[in-house]
Amino acid sequence: MATEADILKALENLYGPGGVSLANAVSGVTLSGAKAFVSLAGDPAKREGWEMARVNAEKAIKALPGVEAAVVTLTAERAPGAARAHDHHHHGHSHAAPPPPQQRKGLAPALEKIRFIIVVASGKGGVGKSTTSANLALGLAAQGWKVGLLDADIYGPSAPRLFGLQGKPKVEGGKLVPPEAYGVKIMSMGFLVDENVPMVWRGPMVTQALSQMLGEVAWGDLDALVVDMPPGTGDVQLTMAQQTPIAGAVIVSTPQDLALIDARRAVAMFQKVEAPILGIIENMSYFLCPHCGGRSEIFSHGGARHDAEKLGVPFLGEAPLDMKIRETSDSGKPVVGAEPDSPQAAVYLNLAAKVKTLLETTKQRAAPNIVVG
Ligand SMILES: Nc1ncnc2c1ncn2[C@@H]1O[C@H](COP(=O)(O)OP(=O)(O)OP(=O)(O)O)[C@@H](O)[C@H]1O
Ligand SMILES: [Mg+2]
């Protein structure tokens, strides 16, 4: 099995933008069995050069004896959100020893303090992932858990709208401080979209965004981090699923056939990377009339329950297509926070209780073997 020293050695004679030895750019190494996860810190302004360096580093590490898979991610050299100072702090000494491990800002220490990472995903867009994520996070907090919500939808962030939060988060000790709503810590790409913020989060580095948000946000101790994923089952989702120790995935689907087919695709994707699936929730399942409170089955609902059974994953319940759910979300006060005693909130409180039980009773995959030094 390769050691951290072997990895640094393999990177010593590879160079990034400005001639920096990649061994000196390493900001974190995690070894898990025959898999190596390495992060490199680079100047976001030179992201194309760093992307090439990343690919080369991956090849070199993969070529080491005992390494079956290597995942190299890029992190911003500067704290995101920090002023773009004209710093003269370059990694000029290409043969100097890398910084001692305890001084490195890597992913592992941040992850250690998060008990369960829950992703909320769907095969298709617009089925209610963000609505479900927000209310699930609030529901888990209502059960006494310490909860964070990460809006990982880099292209269409929704946490600012869902929680009425605006502006840039503060940076303290080189980490972003997540604002809170209803006791839940919230971080979103939407908070960071600003001309001063490195575009490192977007474009070619889109697949690294989750790792970066996990590693560079001051989440503190959390029982659960709910991750609101972008729609679909593309490379972004796959990479995220492979790079993050997911405790469980919640798949959101609507009753329409098309969404269900896509949901099956999402289930298959998580199964492929062996991320545990907590179950499927059917959203906009039936219509709750705001006037009479009556329930109408607009679509032939129940398809998700049937699908869940067929796929052998738990069915987590159904949420109605409901005015109050939409209005509360759109006004920055998700229904579980704004009206915790309403029947609509009960749907999500129920979901949260199920998810909590499933997480506490599901046998978790072994935590990655974190090598320190
Ligand atoms: N159960 C519901 N009842 C009424 N409206 C809903 C419900 N769920 C979601 N919506 C509304 O549908 C729209 C899309 O929902 P949401 O943003 O949660 O979906 P999404 O899956 O996150 O979308 P995207 O794929 O674009 O990220 C929003 O306007 C939201 O308020
Ligand atoms: Mg969304």
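The dialogue below goes from the sheet to a helix and then to one residue of this predicted model.

Q: In which order do the strands of the open sheet lie?
A: The open sheet has eight strands with mixed pairing, and the order is β8-β9-β5-β10-β4-β11-β12-β15. At the edges stand β8 (180-181) and β15 (315-318), and because each has a single partner strand, one side of each is left without a neighbour in the sheet.

Q: How do strand β5 and β9 run, and how many bridges join them?
A: Strand β5 (residues 147-151) and β9 run parallel and are joined by four bridges; within this pair, Gly148 stands opposite Lys185 in β9.

Q: Which strands does α10 touch where it packs on the sheet?
A: Helix α10 touches β4 (114-121), β11 (248-253) and β12 (277-282), and its direction makes about 170° with that of β11. Among the buried residues of α10 are Leu260, Val267, Met269 and Phe270.

Q: What span should the 16 residues of helix α10 have?
A: At 1.5 Å a residue, helix α10 (residues 257-272) should span 22 Å, and its end C-alpha atoms are 23 Å apart, which agrees. After α10 comes Glu274, with a positive phi near 55°.

Q: Is Ser188 buried or exposed?
A: Buried means under 20% relative accessible area, so Ser188, at 0% relative accessibility, counts as buried. Ser188 is placed in strand β9 (residues 184-188), and its side chain makes a polar contact with the side chain of Asp151 (2.9 Å). Leaving out residues up to four places away in sequence, Ser188 touches Asp151, Pro157, Ala159, Pro160 and Met213.

Conventions. Residues numbered from 1 in each chain as written. Chains lettered and ligands numbered in written order. Predicted model: local features only at pLDDT ≥ 70, side-chain atom pairs only at ≥ 80, totals over all residues. Heavy atoms only, no water. Helix = DSSP H or I, 4+ residues; strand = E, 2+ residues; numbered from the N terminus. Buried < 20%, exposed > 50% of the residue type's maximum accessible area, 1.4 Å probe, protein only. Polar contact = N/O pair within 3.5 Å; in protein donor to acceptor, adjacent residues only side chain to side chain. Contact = heavy atoms within 4.5 Å. Expected span 1.5 Å × (residues − 1). Pairing = 2+ DSSP bridges. Axes fitted to C-alpha atoms, helices over the stretch in contact; angles between N-to-C directions.
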